[in-house]
Amino acid sequence: MTFDPDRRTLLRNLAAGTLSATAMGTLSANTLASPKIPEPFKLKGNINHSVSRWTYGDLSLEKLCMVIKGLGFAAIDLVGPKDWALLKREGVDSSMCNGAEISLEDGWGDSRFHPQLIDNYRKHIDLVADAGYRNLICFSGNARGMDPETGLKNATEGLKKILSQAEKRGVVLQMELFNSKIDHPDYLCDNSAWGIELCKRLGSPNFKLLYDIYHMQISEGDIIRTIRDHHQYFGHYHTAGVPGRNEIDGTQELYYPAIARAIKETGFNGYIAQEFIPTRGSIEGNIESLKSAIQICDV
């Protein structure tokens, strides 16, 4: 079974608590109540592993915590403040916090959204810091006819208004790179050069890029060379298979063991988060997909 749920819709539904079982196929209540966890394996300790919440939305957050701990790691991406108490109770890190953004389309590249974004991020920077977390996601938003240079100027001007607070509180703002060819038409930060230039203009260790390997393979390729040459600007990584955004196994064109080794060799000590959409049609099968992905990237 294959499917391609829209990340924007899934994130909204997760936030509202209305995500249905259709995202990963029709699953029995018994399966959801007690997912079978694969046999654990020993991780090498070179890579900090995580998984994006939205890709396993048919599991409650509590059950997802149980699954990942059974697989030997303890971090989940894209969890907002209302769920942090549960993560803390379970001993799981919120490896990439969210909740301050307006949407993926309405972002820092458009000055019309700056007043709301500045207010949102000022509040969330303090929430993240007070919770003891570090990373907070942000987005460039769409161009809507704007040229790239204007978008850079706007993003620089807006982000500078919150960066001193982020620096003071020890929070790293991470702008995600998306492709605009397939998944996010018109997105401004759709190539590493644009994002790196924004990092240079801001000149702060508390602003980085979330380098999404799936998106950048579609946008520009040359993944390993880009990581080796520009790793100082990348604060977090996401995975998924190309084409299809599914499992990162032999069915797709990227060879993740080599990519993970390249990341490790840069001295990176942040997270590599699995963000593929599993296709095995059952919770047990999808958990096996996650186990396989962790093994592939555990170099």
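Predicted model: local features only at pLDDT ≥ 70, side-chain atom pairs only at ≥ 80, totals over all residues.
Student: Why is the pair of F139 and F178 called stacked?

Tutor: The structure holds nine aromatic pairs, and in this one the ring centres of F139 and F178 are 5.7 Å apart with their planes at 20 degrees. Centres within 6.5 Å make a pair and planes under 30 degrees apart count as stacked, so the pair of F139 and F178 is stacked.

Student: What makes F139 and F178 a pair that ties together parts of the chain?

Tutor: F139 lies in the loop between strand 4 (135–138) and helix 6 (148–169), whereas F178 lies in the loop between strand 5 (172–176) and helix 7 (192–202), so the pair ties together parts that are 39 residues apart in sequence. Both F139 and F178 are buried.

Student: Which kind of aromatic pair do Y211 and Y237 form?

Tutor: Y211 and Y237 lie 5.9 Å centre to centre with 70 degrees between the planes; because the centres are within 6.5 Å and an angle over 60 degrees counts as edge-to-face, that is the label for the pair of Y211 and Y237. This pair links distant parts of the chain, with Y211 in strand 6 (residues 207–212) and Y237 in strand 7 (residues 234–239), 26 residues apart. Both Y211 and Y237 are buried, and ring pairs link Y211, F234, Y237 and F268 into a cluster.

Student: How do you know that E62 and R89 meet in a salt bridge?

Tutor: The side chains of E62 and R89 come to 3.7 Å, N to O, and the cut-off is a nitrogen within 4 Å of a carboxyl oxygen, so the contact between E62 and R89 counts as one of the 13 salt bridges in the structure. It links distant parts of the chain, since E62 sits in helix 3 (residues 61–70) and R89 in helix 4 (residues 84–90), 27 residues apart.

Student: Why is E62 called partly exposed, and R89 exposed?

Tutor: E62 has 41% relative accessibility, and R89 has a relative accessible area of 56%. Exposed means over 50% and buried under 20%, with partly exposed in between, so E62 counts as partly exposed and R89 as exposed.

Student: What makes D110 buried although its salt-bridge partner R112 is exposed?

Tutor: The side chains of D110 and R112 meet at 2.7 Å, N to O, but each residue is classed by its own accessibility. D110 is at 6%, and therefore counts as buried, while R112 is at 58%, and therefore counts as exposed.

Student: How are D119 and K123 placed along helix 5 (residues 114–130)?

Tutor: Being four residues apart in helix 5, D119 and K123 are separated by about one helical turn, and their side chains meet in a salt bridge at 3.2 Å, N to O. D119, at 38% relative accessibility, counts as partly exposed, whereas K123, with a relative accessible area of 52%, is exposed. Elsewhere, salt bridges that share partners join E62, K69, R89 and E90 into one network.

Student: Which residues lie nearest the centre of the second largest pocket?

Tutor: R134, G235, F268, N269 and G270 lie nearest its centre, among 22 lining residues, and the pocket has a volume of about 360 Å³. By class, the lining has six nonpolar, 13 polar and three charged residues.

Key
Residues numbered from 1 in each chain as written. Heavy atoms only, no water. Phe/Tyr/Trp six-rings, centres within 6.5 Å; stacked < 30°, edge-to-face > 60°. Helix = DSSP H or I, 4+ residues; strand = E, 2+ residues; numbered from the N terminus. Buried < 20%, exposed > 50% of the residue type's maximum accessible area, 1.4 Å probe, protein only. 1 Å grid on protein atoms, 1.4 Å probe; cavity = no way out; pocket = protein on both sides within 12 Å on 5 of 7 lines; lining within 4 Å. Points joined across faces, edges and corners; volume = space filled by probe spheres on them. Nonpolar A, V, L, I, M, F, W, Y, C, P; charged D, E, K, R; others polar.
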